[in-house]
Structures are given as C-alpha cells and as structure tokens.
Amino acid sequence: MYEVLPSYGHVRDLAGRSKSVRPDDDFSMVWEVPSAAWTHLKSIRMALRGAENLILASDPDREGEAIAWHIKEMLEQQDALGSNVTVARVVFHEITEDAVKKALVSPRYIDINLVNAYLARRSLDYLIGFGISPLLWRKLPGCQSAGRVQSAALALVCDREAEIEQFSPQEYWTVDTDFKTQHSGPSIGLNLQSRIKHLNSKKLDQLSIRSQEEARDIEKRIYSSQFEVIGIKRSKINKNPPMPYITSSLQQDAANKLHFSAGYTMKVAQKLYEGISLSSEEATGLITYIRTDGFHISDGAAEDILSLVKQRYGEEYASEGVRKYFKKVKNAQEAHEAIRPTSIRRLPSSLVGALDDDSLKLYSLIWKRTMACQMEVSRTEMIQVDIGNSEGDMIFHSSASRLDFKGYQAVYDDTEASPSSYNSEVDAVHQDNFEALSKLEVKDLVSPVNVHLAQHFTKPPPRYSESALIKKLEELGIGRPSTYASIMKVLQDRNYVTIKGRVLHPEFRGRMMERMFEEKFGSILFPDLDNDSRICPRYIARTLSDEDDETEASDETQRSFTPRLLGVLPNSDEKVFLKQGPYGYYIQVGEDRKGVSPKRAPLSEVKDIDSITLEDAIELLQYPKILGKHPDDDFPVLITHSKAGFSIRHRRTLAPLPKSADPKKITLERALKLLTGKNVRKFGRPKGKTNKKDAEPLEWH
C-alpha cells in the first residue's frame, strides 16, 4: 500500500538576496523555503509516521534529482527520517503501469553527480544574475537584468543584425533555357526547362556569371549551338518520417505552420495537457507532458499507433516494427516521453466542438506527427537529364521527381485529421515535367527555344524568428525545454528585441547591453557561441572516460543510408565500408562480427557524402598518429581525429587543430605550441579518483 504525495516542484531555492552563493567559502549556498513549500513538506512528514520506506520518484533529470535531494535534506534537518526509514530513489520516463513497476523493483541512491550539476547551474545563474545586473542598472539605466541563457540569446540576435548591416550584396545572373525535342514523326515535341551548370568545361557556382554582358554572350552561344541529351540518371529517394515532437520542435513547427509564438504554443499545449471534460468523463488529458527533450515513445503507445496505421491506411503504410528514435538534442536529459496524444485513437475530428480552433489545430499537428513517426518512408522517383552542346563545353541540367509511394505523407492528407493541405495543381506540374523527361533517350537532339536571363543579388543571412532562435539555442545546447518560451517573452517584455513581420529585431537598448557584455564579460557569458567550450552542467553530471567523448548525437535527423563498400585495403583482403550510426557517418574496416571490434574512423561534417573515396578512408584510418615524445615526460604526443575534427593529444590534455591547418603538415614543434594555447582542455578522470563511494545495494524493509 503506497501513499502518493506531490512536492509541487522544488521545496527550496537560493535566497533572493546577495551573497546567497559564496565562492570564497567553497561555493556554499544559502537556501530558503517558500511558504507554500512548508505545507507540502509537512504533508510528507506526517505521512512518514509509521512508514518504513520513503520513495522519491521525481523526474529523472537534473532538476528531478535536485528535488529529491532537497526533500531528503529538509526531512533530515527536521529529524523526520528515523533509522527505521529507508530512503530510495526511483525513476521512470513514462507514466505507465509497467514503467512504474519496473522502477519500484530497481531502487537506487540519489545520484550526487546530477545534484552537483544542478548546483553548478543554479550557482552560475545566480552569480551572473546578481553579479552583473547591478552593474547593468548603473551603466545602462532601463536595462533590467542579465542572465546566462537570456544574454546568449540576445547575443545571437545582435550578431545576426551586425552581419546583415555589414553585408554587401553581389550581383549575379542565371541562364535558363527552354529546349524542344526534335522528333521525326508527327509529334510536336516536348519542352524542357533547364539551367546552365557547366561553361567552358568548368562547373559554375552561384556567382560565376556576374554581369548582363556575360549573360548576353552566353545567350548568343546557346542560339548558335546544337544540343543533344548526353546523360540520363534515374534514382529513387527514400524520405524518412519525421521524429515525434519535443518541446522545441513543437514550438518551431507551430510557429512555421500555425504562426503561433513560442509562449502561445506552450499556453495552448498546457490546456491540452491539463485536459477537458469529454461527455460524462472527468477531465481527460489529451497529450503527454509538454516540457521534454526526449524522442522516445512508450512501447504500448507505439504498438497502438502501428495498429491504427494498419487499420486506417493499410499494412504497407506501417513500419515493419516499432521505430526507435535516438537522441538528437545536444545536452538532452530525456527525462520524459516525446509529446504525443494520450490516446492515438482520439482523432482530431472527434474533438471538433470540444476544443477551440487553436487548440484543435495544435492537437491535429501533434496527432499527425505522432502517427507519421511510426509509418513507412515515402518513396520518390527522380530523373536527371544533362544536355550538352556538340563541343562538349556547355552543359545544362534538368530534373523532375514523382511521388511513387506516399508512406507517412498519407497522414497529412487524412481529412479526418484536418482539412488537407495537399496541392494537386503543384503535383500535376511535377508529374508533367517527370513524364516529359522520361521520354528522352541519350543522343536525342534538342534545340533551344527560349533563353531566360535573370538578374539576382546575394541576400544577407535572415533575421531570427522565434522558432529559428529556439532551434539555434537548442543546437548550441543552451537552455532547457522549459526555458525557451520564457526567454523569448523576457527579451520582448524588456524591450531588448521587437518582433516585426515575425522576425526578431534588436532594439538600441538590447544592442548596447550586448556590446557592454561582450566587452566586459564575453568570456563568461558567451566565449564562443559556436564552440563547445561553454560551461555545460551535463559534463559535470556524467562520468568522463579516459577517452575524449565522441558520442555526441548528430544535429541532423538520421536519414536512411545503406552501408557502401569503398574498396579493399592495399596489401590486404579487408573491405572498407562507409556506414552511418546514430552519431553520424564513419569508416569501418571489415564486416560486423560478434565479439570483434572493427577499426573505425568517424567522419567530420561532410556536405556531400557521395564524394568520400577509398583514399579518403585510408587517410582517416591512419589516426591517431604519433608525432613524437613530449620533452617533459617522454609520453607520446598524438594527432587524433574525431567527428569534431583534428586535435593534438598529450595524456589528458587536448588541443583542437585550427581548421585552416593541414593535419599532414603538423610537426611535433607545432603540436607542442598548440598544447600550451588558450583552447586547451582536460578530459577524463585523474587516476585514483572514483565515480562515487562504494555503496551497499538498497533493500526494502
């Protein structure tokens, strides 16, 4: 028999006055208990009378671990935990019967690493807020506050505005040509729209044609040349279904598709989470918890989704098994499930009249995404045609595609989910283009009919919208799911930024504050927003291994990729493969065999994965490479390669190699200089230190 009591979040917090965090006293902290929390603590204390076990089941993330720790600390201070009371910590990621039962049979101690991570983040927020805000009030009257996440977000907006102001547009021209096929029969031929891609045997980039005069000269050459089809390539493209929603992706999609602000999205989602009264039932929650960075869906819910997909669309539309999604958000804690309907069989159409328009729109968005994530890939046929002149120094390119199998896209045409947004006119145009290209064969003669010259100018990078800024913060690992909407609101309420045409414009006040911060506190607030050297509580929480962490998840959604054989190692019969895992692409020597760890080499960010050759793979497989011995201790100095790029390593010291440096030309002398530079960092755990003290396993009374 269990009695379940809520803590209503944190039961204590740092005192709201100066010197509540004392760096000179080993970062000791002064806590205070809000008046409402005393009531909750009293309820827990009363329930403990005569109890043998206290089970702390708060969220399985930093904040949840801290709540459990705070409760235990407060109860110990009040002598509410006698020697006969066993305190245990249990965690579960979904509120289902199976998950709760499994958690109860696997109790553990409070994870002090997670608690320390919380304390580090909380003290950092406090020191920045209480340390910098008073200076801000004196130097820039009207600027109300500074914060770790808030200031980084403002810096991104201001930096983008500076890029736009410094941007100098460049003129360029495009040359598109309408070709007509020449048939000997009564057919009138086919019109093909193509764009020039090669000129004078050189591949053109965006700025290759810089003036109208150059474009006119090309036009004359086109009309005076004879052309034929020189290449036809057919391919099939599989597009994976989207991942289920997390807080940030829901905010981004709602902004892009429904034009909701981040704050309004969370307000509507909160109503769906709290639920409504359906017929004679009590209030029913329509969606799961809305503040999450985890992509996983409970097995029971996923199986129910698959069943409904088969029922509504057919067996061929359901994935072969339950799709499992890997972590993609930097520094994610994955304490909760992805955002999904509590019952997938509650179709949006059944809630018409029960929900207001905006709530129904958001529910429909979540319902479709949840269905789609367990459906089959969509398959598209693509055809690409190259047209060249007789001299071979001018090539035009034309392509078209046709949807072969809708797959997960079928759910977006489901009228019971919401009115279809499918555009049949656009699809008809693509279909016509595909049919036209499909009738061509190599050596078919074509003649230019019309040449279209168009003037363009390069455009500056776009200003951030709310959704784009949230996405950038997420990519950089700044902030948490619960903070994004509030940060957007704070920046606007304090007139640091304004929204015009759905994009963020920094105000004079915000730009002045950001400039002062960059000059005075740049190394604290945002040393480099594109660098992984920011202070990150996640690195405090985890136990570092002796190797550099190369298991950060890729920021891009994993796409379908079939392992590709690159060739065979010289003087060996071992095959070399290009593969893709949850953390990106990598090179592997040999087949996968049970009990054998094949040699692998991660790839840095590569725009065109098809360009990787056997020579590239052999080059990467030679790392780590010893450059020599360090003169101070005779330990080897190595150059290593990871997904993040090349680095110099000596024992527990790691120095990133500048992107402009050629790793083949790095000498021992250059490596030693880099190891004494400012970007050096330590990794791993010093010898002699253990994760935590040895502890006896928990036993229930």
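Guide: Let's start with what pairing is: two strands pair if DSSP finds at least two bridges between them. Keep in mind that this is a predicted model.

Visitor: What makes strands 18-19-20-21 an open sheet, and how are they paired?
Guide: These 4 strands line up in that order with antiparallel pairing. At the edges sit strand 18 (564-568) and strand 21 (600-602), each pairing on one side only. On average, neighbouring strands here are turned by 25° against each other, direction ignored.

Visitor: How do you know that strand 18 and strand 19 count as a pair?
Guide: Count the bridges: 4 of them join strand 18 to strand 19 (residues 575-581). The cut-off is at least two, so the two strands pair. To find the spot on screen, look for Arg 564, which stands opposite Leu 578 in strand 19.

Visitor: Which other strands form an open sheet?
Guide: There's one of 5 strands, in the order 22-23-24-25-26, with antiparallel pairing. Its edge strands are strand 22 (625-629) and strand 26 (681-682), each of which pairs on one side only. Inside that order, strand 24 (residues 645-650) and strand 25 (residues 653-656) share 4 antiparallel bridges. Ser 647 faces Pro 656 of strand 25 there.

Visitor: What makes strand 10 and strand 15 a pair?
Guide: Strand 10 (residues 227-239) has 2 bridges to strand 15, in the antiparallel sense. The rule asks for at least two, so they do pair. Glu 228 stands opposite Leu 445 in strand 15. Strand 15 (residues 445-457) is also joined to strand 7 (residues 171-181), by 11 bridges and again antiparallel. In that pairing, Asp 176 has His 452 of strand 15 as its bridge partner.

Visitor: Let's switch to helices. Why are helix 8 and helix 10 called roughly perpendicular?
Guide: The axes of helix 8 (residues 262-274) and helix 10 (residues 357-372) cross at roughly 85° and come within 10 Å. Angles from 65 to 115 degrees count as roughly perpendicular, and therefore these two helices are roughly perpendicular to each other. Helix 8 brings residues including Tyr 264, Val 268 and Leu 272 to the contact, while helix 10 brings Asp 358, Ser 359, Leu 362 and Tyr 363. By class, that contact has 6 nonpolar, 2 polar and 2 charged residues.

Visitor: What makes a nonpolar core, and which residues have the most contacts inside the largest one?
Guide: Core members must be buried nonpolar residues joined through side-chain atoms within 4.5 Å. The largest such set has 77 residues, and Leu 362, Trp 367, Met 371 and Leu 469 have the most contacts inside it. Helix 10 gives the most to this core, with 8 residues. A second, separate core has 25 residues, among them Leu 192, Ile 209, Val 229 and Phe 434. As background, nonpolar side chains in soluble globular proteins tend to be buried together.

Visitor: Which residues of helix 12 are called buried, and why?
Guide: Buried means under 20% relative accessible area. In helix 12 (residues 466-476), Glu 466, Ser 467, Leu 469, Ile 470, Leu 473, Glu 474 and Leu 476 are buried, so each of these falls under that cut-off. Just after the helix, Gly 477 takes a positive phi of about 75°.

Visitor: And how much of the chain is buried?
Guide: Of the 701 residues, 44% are buried. The chain's secondary structure comes to 17 helices and 26 strands.

Technical notes: Residues are numbered from 1 along each chain as its sequence is written. This is a predicted model: local features need pLDDT of at least 70, side-chain atom pairs count only at pLDDT 80 or more; totals for chains, interfaces and linings use all residues. Side-chain values use heavy atoms; hydrogens and water are left out. Axes are lines fitted to C-alpha atoms, for helices over the stretch in contact, and angles run from 0 to 180 degrees between N-to-C directions. Angles under 35 degrees count as roughly parallel, over 145 as roughly antiparallel, 65 to 115 as roughly perpendicular and the rest as oblique. Contact means heavy atoms within 4.5 Å. Ala, Val, Leu, Ile, Met, Phe, Trp, Tyr, Cys and Pro count as nonpolar, Asp, Glu, Lys and Arg as charged, and the others, Gly among them, as polar. Buried means under 20% relative accessible area, exposed over 50%, partly exposed in between (1.4 Å probe, protein chains only).
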